[in-house]
Amino acid sequence: MIGVILAAGDGTRLTMSTGQDICKALRKINNTRLIEFALNNLIELDANEVYIVVGKQGDSIKNAIGNKYKSITVNYVNQLEQKGLMNAFIQALNVIDCNETVVMQLSDEIFIDLETESIKTAIKTENVDFYCGVTFEENPEKIKNNFSVETDSNFLLINCIEKPQIVTNNIKGTGFTIFNGKVQKIIKKNYDSDPDKLRDLCDCFNYLVASGYRGLTLNVAKKEFNINTVSDLTEAENFLNSWK
């Protein structure tokens, strides 16, 4: 399995709220950089290697992490223009072996109590084409800030809605995604032919479902924090301190 971490975002909202032009992926919670949470997850899941997609602050990330993080080899891919999440993922697909399963994570997302064994089982399962990582969230506002997920009775994905105005269930979508090799090739082929079709993750999931590919929702953690503001950082830090 190959891990992909998307870390090319500018982190504008966090920079504006702090006045500090620090790469968001390198901001710390309890002395751990945000990107290290993602790296530690991928090590825990037995990734063979990791590709980090970086943007204009890529040198800062490269200098901080290097080409080896603990036991895992780290490679870097550049996203030259900020054209959305899927464009960043495509940059990784352009250089990795699409015959291997890929686990994608965001560099600004923290998972509490990762469901490691369930995820490892999912990585080895071949009867679905992709997994949409979710958590169960009782606060509808948290779902409205991310994306909502609709499933059938077998938890197969039906539809995703980016930043929904109306929330109909407690399933919150995350950036944690598992793609098999076949789907990686389909995503790349269709992105290359029409980049505007697959700008964000919901676009990708909905396109795959409409094209007949099977996606299963997967509960990946007890809780998830997507870090965009100082209050997000504080909330995550307070939760981690109380949870421990």
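A residue is called buried when its relative accessible area is under 20%, exposed when that area is over 50%, and partly exposed in between, with a 1.4 Å probe and protein chains only. By this definition lysine 70 counts as exposed, because its relative accessibility is 60%. The structure is a predicted model, in which local features need pLDDT of at least 70 and side-chain atom pairs count only at pLDDT 80 or more, while totals for chains, interfaces and linings use all residues. Residues are numbered from 1 along each chain as its sequence is written, and side-chain values use heavy atoms, with hydrogens and water left out.

Lysine 70 is found in the loop between strand E5 (68-69) and strand E6 (72-78), where helices (H or I, at least four residues) and strands (E, at least two) are DSSP runs numbered from the N terminus. The phi angle of lysine 70 is near 55 degrees, a positive value in a residue other than glycine. Aspartate 113, which is not a glycine either, has a positive phi of about 60 degrees; aspartate 113 has its place in strand E8 and, at 42% relative accessibility, counts as partly exposed. A positive phi, near 70 degrees, is also found at aspartate 46, which follows helix H2.

Helix H2 itself is mostly covered, with eight of its 11 residues buried. These buried residues are Leu34, Ile35, Glu36, Phe37, Ala38, Leu39, Asn41 and Leu42. Glutamate 36, found in this helix (residues 34-44), counts as buried because its relative accessibility is 13%. When residues up to four places away in sequence are not counted, glutamate 36 touches Ile65 and Tyr69, contact meaning heavy atoms within 4.5 Å.

The aromatic side chains were examined next. A pair of aromatic rings is described by the distance of the centres and the angle of the planes. Rings of Phe, Tyr and Trp (its six-membered ring) pair if their centres lie within 6.5 Å, and planes under 30 degrees apart count as stacked, over 60 as edge-to-face and the rest as tilted. By this rule the count comes to six aromatic pairs. In one of them, the rings of phenylalanine 111 and phenylalanine 176 have centres 5.9 Å apart and planes at 90 degrees, so the pair is edge-to-face. This pair links distant parts of the chain, since phenylalanine 111 lies in strand E8 (residues 109-114) and phenylalanine 176 in strand E12 (residues 171-179), 65 residues apart. Phenylalanine 111 counts as buried at 8% relative accessibility, and phenylalanine 176 is buried with a relative accessible area of 1%. The rings of phenylalanine 147 and phenylalanine 205, by contrast, form a tilted pair, because their centres are 6.4 Å apart and their planes stand at 55 degrees. Phenylalanine 147 belongs to strand E10 (residues 147-151) and phenylalanine 205 to helix H8 (residues 201-210), so this pair ties together parts that are 58 residues apart in sequence. Both phenylalanine 147 and phenylalanine 205 are buried, and together with Phe89, Phe130 and Phe179 they form one aromatic cluster.

Cysteine residues were considered in turn. A disulfide is a covalent bond between the sulfur atoms of two cysteines. With a disulfide taken as a pair of cysteine sulfur atoms within 2.5 Å, the count comes to zero disulfides. The sulfur of cysteine 132 is 4.8 Å from the closest cysteine sulfur, that of cysteine 160, which is too far for a bond. Cysteine 132 is buried, with a relative accessible area of 0%. Cysteine 202 is likewise in no disulfide, the nearest cysteine sulfur, in cysteine 160, being 4.7 Å away, and cysteine 202 counts as buried at 3% relative accessibility.

Helix H7 (residues 181-193) packs against H8 at an angle of about 110 degrees, with the axes 11 Å apart. Axes are lines fitted to C-alpha atoms, for helices over the stretch in contact, and angles run from 0 to 180 degrees between N-to-C directions. H7 is therefore roughly perpendicular to H8, a description that covers angles of 65 to 115 degrees, whereas those under 35 count as roughly parallel, those over 145 as roughly antiparallel and the rest as oblique. The contact is made by Val183, Ile186, Ile187 and Asn190 of H7 and by Cys204, Tyr207 and Leu208 of H8. Valine 183 is buried, with a relative accessible area of 0%. Leaving aside neighbours within four places in sequence, valine 183 is in contact with Asp129, Leu208 and Tyr213.
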